[in-house]
Amino acid sequence: MVRVTFFQDQSQQLTGFDCLGHAEYADENDIVCAAVSALVITCINSIEAFTEDRFTCESRQEDGCIRFRMQGDSGSASQLLLHSLALGLEEMEGNYGECIDLIFEEV
């Protein structure tokens, strides 16, 4: 199962996320893992390419872990991209709930 934990402050600003695990939807060509990866990587790359905001990102391929954290205040473009990621993953959770679990934690 892929578990994605979004971290948000009291004003509902997303400050980062942890993505961990593999969906195990299929033995080969796992469409759920591929979709989660595509959404997550596109979000990170878009924040890097289209904003001036700073962040840290660590990944481990062996367990599918990606840890992403905004550094300092983030602008509206980064917030839009992070909320878009959350929306896409929520839609996936609705269709593949046995493979993906979304958690929102206040920090």
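Modeller: A residue counts as buried when its relative accessible area is under 20%, as exposed when that area is over 50%, and as partly exposed in between. Please keep in mind that the structure above is a predicted model.

Biologist: With that cut-off in hand, which are the buried residues of α2?

Modeller: In α2 the buried residues are Ser78, Gln79, Leu82, Leu85, Ala86, Gly88, Leu89 and Met92, and they pack against β1, β2, α1, β4 and β5.

Biologist: What is Ser78 in contact with, leaving aside its neighbours within four places in sequence?

Modeller: Contact requires heavy atoms within 4.5 Å, and once those sequence neighbours are set aside, the partners of Ser78 are Ile47, Thr51, Asp53 and Met70.

Biologist: Which residue caps the N-terminal end of α1, and where do the buried residues of α1 pack?

Modeller: The cap is Asp30, whose side-chain oxygen lies 3.0 Å from the backbone nitrogen of Val32. Val32 is itself buried, as are Cys33, Val36, Val40, Cys43, Ile44, Ser46 and Ile47 of α1, and the buried residues of this helix pack against β1, β2, β3, β4, α2 and β5.

Biologist: How many residues line the largest pocket, and which lie nearest its centre?

Modeller: The lining of this pocket, which holds about 260 Å³ of space, consists of 16 residues, with His22, Ser37, Gly64, Cys65 and Ile66 nearest the centre. Two or more lining residues come from each of α1, β3 and β4, and α1 provides the largest share, with five. By type, the lining comprises nine nonpolar residues, six polar and one charged.

Biologist: Turning to the backbone, what is the phi of Gln12, and is Gln12 buried or partly exposed?

Modeller: Although Gln12 is not a glycine, its phi is positive, at about 70°. Gln12 sits in the loop between β1 and β2, and because its relative accessible area is 42%, between the 20% and 50% limits, it is classed as partly exposed.

Technical notes. Residues are numbered from 1 along each chain as its sequence is written. This is a predicted model: local features need pLDDT of at least 70, side-chain atom pairs count only at pLDDT 80 or more; totals for chains, interfaces and linings use all residues. Side-chain values use heavy atoms; hydrogens and water are left out. On a 1 Å grid over the protein atoms alone, a cavity is a set of points where a 1.4 Å probe fits but cannot get out, and a pocket is an open set with protein on both sides within 12 Å along at least five of seven lines; lining residues have an atom within 4 Å of a point. Grid points are joined across faces, edges and corners, and a volume is the space filled by probe spheres set on the points. Helices (H or I, at least four residues) and strands (E, at least two) are DSSP runs, numbered from the N terminus. Ala, Val, Leu, Ile, Met, Phe, Trp, Tyr, Cys and Pro count as nonpolar, Asp, Glu, Lys and Arg as charged, and the others, Gly among them, as polar. Buried means under 20% relative accessible area, exposed over 50%, partly exposed in between (1.4 Å probe, protein chains only). A polar contact is a pair of N or O atoms within 3.5 Å; within protein, one must be able to donate a hydrogen and the other to accept it, and residues adjacent in sequence count only if both atoms are side-chain atoms.
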